[in-house]
Amino acid sequence: MIRVSELDRNFKYEVAKQPGGEHLLRCFACGTCTASCPVREIDEKYNPRKIIRMVLLGMRDEVLKSDFVWLCSTCYACYERCPQDVRFTDIMTALKNIAIKNGYIHPAFKEQARLVGTFGRLYEVEDFDNKKRERLGLPKVKGRFEDVKNFIKSKGIGKLWA
Amino acid sequence: MGVKYALFIGCTIPVRAQHYELSARRVASALGIELIDIEEFACCGFPIKSVNTYVATVLAARNIAIAEEAGLNICTLCNACTGILTEVQKKLNEDEDLRKKVNKELEIFGKKYNKGVSIKHFSRILYENVGLSKIKEKIKVDLKKLRLAAHYGCHYLKPSEIYDGFDSPEAPHTLDDLISVTGAETIDYKTKLDCCGGAILGIDENIALSMANKKLSELKKEYVDALVSICPFCSIMYEDNQRKIEAKFGVEYKLPVIYYPQLLGLALGFKPRELGFMLNRIKATQLIEKL
């Protein structure tokens, strides 16, 4: 049940202000996104058209606390096919950014942030890796980028995994 | 030919897909493409986009600025790197305020973004800059006995607006053309455009594996010798996770998943070992014996 008194009427503007959220208000609810979505095909809890309606109605907490907010596979099928150029893939990115700012984060994204924020890359490169590379005749790769680490730290992302 | 590119190798390939890297380097040198390694290239930014899009934008801009400083265009191997670098460059070129703001951030790296460089995936460079006819001239081994399925991967084609109409997001053909030029047969199949699910493997394994299974189960009916990939994340889903998928769904695929440069390398006369075939999780022994 939707309780009107609990809706946040400003949520849609908050999302539309976020990079990627700009085209949110163009949606006319045709459902092409949902019909194109490979995640929706497997699991009904992820439904792009429904997510847009929830955002437009102002169901801020339900969206930001949900499991579905993390489920976009970024395939861009909806993005390509949307007749209104809503750019739903980018809206999901905007929603994840907002959820994280509000203290919600999926452990998988926390770990990705930790790796990039610690090493400047998505995987830790160990001696073993560089030795294997050497055997294959491949050049060594750098394992740590202090400049990237410091930059990410300066943006306050470090608190996500601290 | 004789073209030079900065090789943007990304994070995943150097530690988890050395066969892709090895074969791409071999193929590049055989076709007169010089790939320059740049140690300073760090994360492309994609893995942190969901966490903080602005930070991802700065990381992407940092990499592009490094290439710009070196006076080199970028050659990528991973679809996700290609996507974020291309997208960010487009945004920075269109939005002066963002460019100024990002350049302020880049000062701590001692870098400056001016107007960017050409950013292209290796497969696109093969198609557009080398060209099918030049590749054809270099073919030494006709792969006509092979029947293959192309997997483009989402970020190679979409969002199409960032790729200047390079290929169609709904009916792509460039990778199929690159396969055909080796003499191999390439098939049209129902799940060709399917997403591998890689981006949500860590979020919901059940959904991600189910997504990858759709393509594998369709290909079982097609009797192909291999699936041809151009992205490490897609290969991780279809190859590294194939046994897990087989166990979960009670099926058997044993479908080799090879990288396009491995295939092209065979046609150019390289030995399987030189192309890293020993590193493929699902051995392509039968495919190689057919040649």
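Okay, ground rules. We're looking at a predicted model, where local features need pLDDT of at least 70, side-chain atom pairs count only at pLDDT 80 or more, and totals for chains, interfaces and linings use all residues. Residues are numbered from 1 along each chain as its sequence is written, with chains lettered from A and ligands numbered from 1 in the order in which they are written.

Confidence next. pLDDT is the predictor's confidence in each residue, from 0 to 100. Chain B averages 97, with 99% of its residues at 70 or more. The model's ipTM is 0.97, and its pTM is 0.97 too.

So, the domains. Chain B splits into domain 1 (3-121) and domain 2 (140-290), with bounds from an automatic or database domain assignment. Their C-alpha centres sit 24 Å apart. When I say contact, I mean C-beta atoms, placed from the backbone, within 7 Å. By that rule, 22 residues of domain 1 of chain B touch 24 residues of domain 2 of chain B. On the domain 1 side, α1, α2 and α5 of chain B each give two or more residues. Helices here are DSSP runs (H or I, at least four residues; strands would be E, at least two), numbered from the N terminus. The largest share of that side is nine residues, from α2(B). By class, the domain 1 side has nine nonpolar, nine polar and four charged residues. For the classes, Ala, Val, Leu, Ile, Met, Phe, Trp, Tyr, Cys and Pro are nonpolar, Asp, Glu, Lys and Arg are charged, and the others, Gly among them, are polar.

Now the chain contact: 40 residues from chain B, 43 residues from chain A. Elements giving two or more residues on the chain B side are α1 (12-16), α2 (18-30), α3 (46-49), α4 (53-70) and α11 (205-220). Of these, α4(B) has the largest share, five residues. That side of chain B has 24 nonpolar, nine polar and seven charged residues.

Let's stay with α4(B). How do the axes of α4(B) and α5(B) cross? They come within 9 Å and cross at roughly 95°, α5 being residues 79-94. Axes are lines fitted to C-alpha atoms, for helices over the stretch in contact, with angles from 0 to 180 degrees between N-to-C directions. So α4(B) is roughly perpendicular to α5(B), a label covering 65 to 115 degrees. Residues meeting there include B:A56, B:A60 and B:I64 from α4(B), and B:I84, B:L85 and B:V88 from α5(B). That contact has eight nonpolar, three polar and no charged residues.

Methods
Contact = placed C-beta atoms within 7 Å. Parallel < 35°, antiparallel > 145°, perpendicular 65-115°, else oblique.
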